[in-house]
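Good morning, colleagues. Please look at the structure on the screen while I take you through two of its features.

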Amino acid sequence: MPYRADIDGLRAVSVLAVVLYHAGVPLDGGGFVGVDVFFVISGFLITSLILHEQAAGAFSLVSFYHRRIRRILPALFVMMTACLVVGWLLLAQADYWRLGKSVMSAAVSLSNFEFWRDAGYFDTPAAEKPLLHTWSLGVEEQFYLVFPLYLILVARYLPRWRLQLTAAICAISFAIGAVEAFRHPVAAFYLPHARLWELLVGGLLAMGALPPLVASAGRGAAGLLGLGLVAAAVFGYSGDTAFPGLAALPPTLGAALVIWSGMKEPALVGRALASPPLAFIGRISYSLYLWHFPLLAFGLYAGLGALAPAETAGLLALAFVLALLSWRFVEQPARRAGAHLSWRSVAIYAACGTFALAWAGLAVQLADGFPARLPERQARLADAEPLRNPDRNHCYVDAVEEIAIDRLCPLGGKRTAPGFTPSFVLWGDSHGEALRGAMDAAAAAKGRLGVFAGNMGCAPLIGVREPRRPDCRAISEASLRLIVETPSIRTVVLAARWGWWAEGPPYKREAGAPVKLVLGEAPAAAGNNHAALAAGLEQTVAALIAGGKRVWLVGPVPEVGYDVPRYFHLRALGLADGMNIAPSLSDFGARQAFVLDLFGELARRYPIGTVWPHEGLCGDAGCDIVRDGHLLYADDDHLSVFGARSLAELFAPVFEQGLGATLPAATAGVAPPAGPATSR
C-alpha cells in the first residue's frame, strides 16, 4: 500500500483535537470527536491492507496479528508500567486500587467494558483516571480481532455481497448507537456495538463504496467539506452534546470525505495535511495519545482537581517529549526488530507482557492498593471507601418496581418481622443517603423505625425533571405515592444537595457536568434551576401535608469543593501545603443563599420542621472537615459515616411529639430566613 502523508496529517488534527480538549482549552469543546476520526482512519487503513493482501493471495491472519501486536502493545505496555510506578508514589489506597483494575482490563483489551461498568455517580472523575483513554484502544483491538475473520468468511462464501453486507452491518450499528445515545449514553459511548459503524465507514471507503474522485475541483470540494464537518464538531460540540449517536455523523463522514478526497491524488486540503509538521505529528500521534492523558490525570490528581494554565502547558510539553521518546525508542524499534522475529516469538513476548501487566493490576487489587506503602494514619485518612455507608448501593432505589416498604433499607433498627411498619421515611438523593447514620442513631435513641427512599442524583421533588436522568421523575412520583398511601408513615424527612440543585454547576474544584432542573413538560432548554427547585419543593411539601404527613426539611450540608480524603493524603506527601480547603461561613452563605431564602419562605407558609446540619459542622471560625482524627467528609460534598453520626442530636427533634420549624442561628456570612417559626 502506498504511504499517504495526508492521512498522517489527519491523524495530527485528530490527536491535537483530543489533547487540547483534555487540556481544557475553551474553544475545543468537542475535541473528543478526534477519537471518531481515528476510528475512520483505522477502519480505512486496516480494510485497505487486508483487501490488498487478499487480492495478491498473500493475506495471513498470523501476519496481520503479528503487525498489530508490534504496532500497539510495546508503547502501551511501557505507558501502563509508568502509570503503575507513578501511582505507587502518588495515589491514595483506594485510587491505586482503581488504577490496578484499569491496568488489568487495559492489558487484556477490555478497558472500554471496565470503564462502562464502573461509570457512576460516585465514580472517580473521568479526567482523573490515568488510563481512561485506553477505552478507544479497546474498541479498536476488539475490531482487529473480529474484522479480519469476517473478511475471510465473506471472501470465501459471499464475495459478491461484501459491500452490501458490510453496509448493512454499518447501518445497524449506527441505528443502535443513535438510539442508545439517548437511552443508555454511557454504553453507547464505550461499547463496540455502538461504535462499529465508525470503523466500517472507513472500511466501506476502502471497499470502493465511492469511486475515487478524478476531477481536481471535486477532490478539493470534498476535502474542504470533510475538514469543515470535523471542525464544526470540534468547535461546536460540548460536554452536553448527546454522543455518539447522530452527533457522531458529521465528524465521521467528515473524516471519510477527507480520506476520499485524496484517494487518487491529494487536493488542497490533502496537500495541507501532508505538510511535514502535521505529517510528523501524525506519525507520533499514537504515542502522544498514550502519554498525554495520564500526565494530565496525575496532574489534576495532585492539584486537587484543577491545574493552572502554565501547569497544563508544562504537562503538554512533557507529553510531546515523551511521545517523541516513545516513538523513537519504543515504537520504531518494535516495528523494525519485530519484523525479523518469528510470529511465535512475538506471540510469546506479547503474552508475557500481557500476563505481567494483568497480574500486576490484579496484585494491586488483591493487596487493596498496597496500604503498607503509606503511613498508617495517612492510609486511614486518605481511603474514602470506608467513609461511606457500605450498603449504600443496595439502599438506593434504581427503578419504580423497587419502591416498596419491604425493599427499602430500615432506619432505627433492623427489619425483624414481615409486619415491619415504619413510622417515618428519609427521602432524598445521595446527600440524604449520607445522612442515614444520623437518622438511624436518632431514631434508635427514640425507639422509632423508619426507611430510606431515594436515588443518587435524583432530588426528592415532584413536578420537575432532570433531562439527563429521565427516570428520576417516575421514581419521585412513585416514592410520593408510597409515602402517602402508607398509613404508618407519619413523618417525612426531605434531605438533598439543595445548593447543587439550586445553582447547577459543580462547586469549586469538583468535577462533573452542571445539573439542570426543568418544570413539568417544558423543553430542556427552558430549564431554570431556581424556579424549578422552588416550585418542585413547594409541590412536594404541599402534597405530603395534604396526605396527613409531618414534614421536615434538612438544610444544606456545607460543600467543600475539594476531595477531602485526597487533600489529607496529598498534604502528607507535601503537595498541598499552605492550602486551607475548609469552607468558610461566607462561602456557605453565598452558595446556599437561594436555598436559605426558599426554606424561610416555606417555613412561613407551611407547618414544617427544619434541621440545619451546618450548625453541627460549623463554628465562628468556619466549618470543620476533620474532627477528633476522623474525616467528616467522604469526598468533596458528601458526609462520611462519622460526619453523619456526629449530627445525630440535631435530628432528635424529628422524633418529638411536636413539629418545630426552627430557623438557623445567625452566623457570620449566613443570612437566616426571616419570619417566625411555626409549629403544629
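I shall speak about the disulfides and then about a pocket.

Please keep in mind that this is a predicted model. The structure holds 3 disulfides. With the bonded cysteines counted along the chain, their pattern is 1-2, 3-4, 5-6.

Let me begin with C395 and C409, which are joined with an S to S distance of 2.0 Å. C395 lies in helix 18, residues 392-395, and C409 in strand 1, residues 409-411; the pair links distant parts of the chain, 14 residues apart. The torsion about the S-S bond of C395 and C409 is about -95°, so this disulfide is left-handed. As for accessibility, C395 has a relative accessible area of 3% and is buried, and C409 is buried as well, at 4%.

The next disulfide joins C458 to C472, with an S to S distance of 1.9 Å. C458 sits in the loop between strand 3 (450-454) and strand 4 (464-465), while C472 belongs to helix 21, residues 471-485; here too the partners are 14 residues apart. About the S-S bond of C458 and C472 the torsion is about -70°, so the disulfide is left-handed. Both C458 and C472 are buried.

Which handedness does the link of C618 and C623 have? With 90° about the S-S bond, the link of C618 and C623 is right-handed. The sulfur atoms of C618 and C623 are 2.0 Å apart. Why does C618 count as buried? The relative accessible area of C618 is 16%, and buried means under 20%, so C618 is buried. C623 is buried too, with 4%.

Two further cysteines deserve a word. C83 counts as buried, at 2% relative accessibility, whereas C352 counts as partly exposed, at 49%.

I turn now to the second largest pocket, which has a volume of about 1000 Å³. Its lining comprises 34 residues, and R11, L45, R68, R71 and R335 lie nearest the centre of the pocket. By class, the lining has 18 nonpolar, 5 polar and 11 charged residues.

Which helix supplies the largest share of this lining? Helix 2 does, with 9 residues. Several helices each supply at least two residues, among them helix 1 (5-22), helix 2 (34-55), helix 3 (61-90) and helix 6 (134-157).

Thank you for your attention.

Conventions:
Residues are numbered from 1 along each chain as its sequence is written. This is a predicted model: local features need pLDDT of at least 70, side-chain atom pairs count only at pLDDT 80 or more; totals for chains, interfaces and linings use all residues. Side-chain values use heavy atoms; hydrogens and water are left out. On a 1 Å grid over the protein atoms alone, a cavity is a set of points where a 1.4 Å probe fits but cannot get out, and a pocket is an open set with protein on both sides within 12 Å along at least five of seven lines; lining residues have an atom within 4 Å of a point. Grid points are joined across faces, edges and corners, and a volume is the space filled by probe spheres set on the points. Helices (H or I, at least four residues) and strands (E, at least two) are DSSP runs, numbered from the N terminus. Ala, Val, Leu, Ile, Met, Phe, Trp, Tyr, Cys and Pro count as nonpolar, Asp, Glu, Lys and Arg as charged, and the others, Gly among them, as polar. A disulfide is a pair of cysteine sulfur atoms within 2.5 Å. Buried means under 20% relative accessible area, exposed over 50%, partly exposed in between (1.4 Å probe, protein chains only).
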